[in-house]
Amino acid sequence: MTRSFSRLVHELAEHDYFVLVSSACTEPGELEWPEPLPANVAVLRKPNIGYDFGSWATAFILCPQIFSAERVLQINDSLVGPFWSLDAVLADFEASYGDWWGMVRSFQVAPHLQSFFLGFTPTVLTSTTFQDYWASVKVESTKQRVIDRYEFGLSTRLYNEGFVSTAFLEAPRVVHPGLNPMIDGWRETLLVGVPFIKRELLTRPEVVTLGDRVPQVLRDEFDIDIATWM
């Protein structure tokens, strides 16, 4: 496991969240962690199919008690970080007046909460439409089909049911509404308090102008040695 993933799990556990890791690791042996796991962490092993929504659906279906939780965070490993404390992000979620919440709301293509870091309250968790949604998730052939059908689909379904959403960061604070805040505005999102960047910026630097300079900017402006987080 990377420092990034380990730090995220420990941060959530330290904030008294029970953490269920839905792992699609193909290695049959025991997962290795850089440091011992907290007591309030469990690991669910599953086949490496279905992308992130497949992993989340597996967790919801096999552990239906999640639907009865006081609050639920749903996070994937497309992020690198957190580079600093999650205090502000989690406080925003826990104080939210909405039925569901996201760390970042994007207006690219259509308004939606970006699926890498979402939060739900009992109003949504106990609803038939939310539970039916997870039961309907199928294995898709491409990541883009997953985004189109499930990331946009979740926002559309909950909006149509009248559920109110809030976000820690609204994209227009950092980018033109037509752009992706975590890609095109990655530096600005860090400056306003989002303690992550998208892993894609490092694995596919061509997705953003001067993407090859991302590690240097992280080091010079934020004192982050990104190589130690990967």
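Predicted model: local features only at pLDDT ≥ 70, side-chain atom pairs only at ≥ 80, totals over all residues.
**Ground rules.** I number residues from 1 along each chain as its sequence is written, and for side-chain values I use heavy atoms, with hydrogens and water left out.

**Count.** I looked up the salt bridges (a side-chain nitrogen of Lys or Arg within 4 Å of a carboxyl oxygen of Asp or Glu), and I found that the structure holds seven.

**Arg-7.** I noted that Arg-7 pairs with Glu-14 in a salt bridge, with 3.1 Å between the closest N and O atoms, and that a network of salt bridges links Arg-7, Glu-11 and Glu-14. For Arg-7 I read a relative accessible area of 23%, which means partly exposed, as buried is under 20%, exposed is over 50% and partly exposed lies in between (1.4 Å probe, protein chains only).

**Glu-170 and Arg-105.** I then turned to the salt bridge between the side chains of Glu-170 and Arg-105, at 2.8 Å from N to O. This pair links distant parts of the chain, 65 residues apart, with Glu-170 in strand β8 (residues 165-170) and Arg-105 in strand β5 (residues 100-106); strands are DSSP runs (E, at least two residues), numbered from the N terminus. I recorded Glu-170 as partly exposed at 28%, whereas Arg-105 is buried at 13%.

**Arg-204 and Glu-200.** My last entry is the salt bridge of Arg-204 with Glu-200, whose closest N and O atoms are 2.3 Å apart. Arg-204 is partly exposed, at 39%, and Glu-200 is partly exposed, at 23%.

Technical notes: Helix = DSSP H or I, 4+ residues; strand = E, 2+ residues; numbered from the N terminus.
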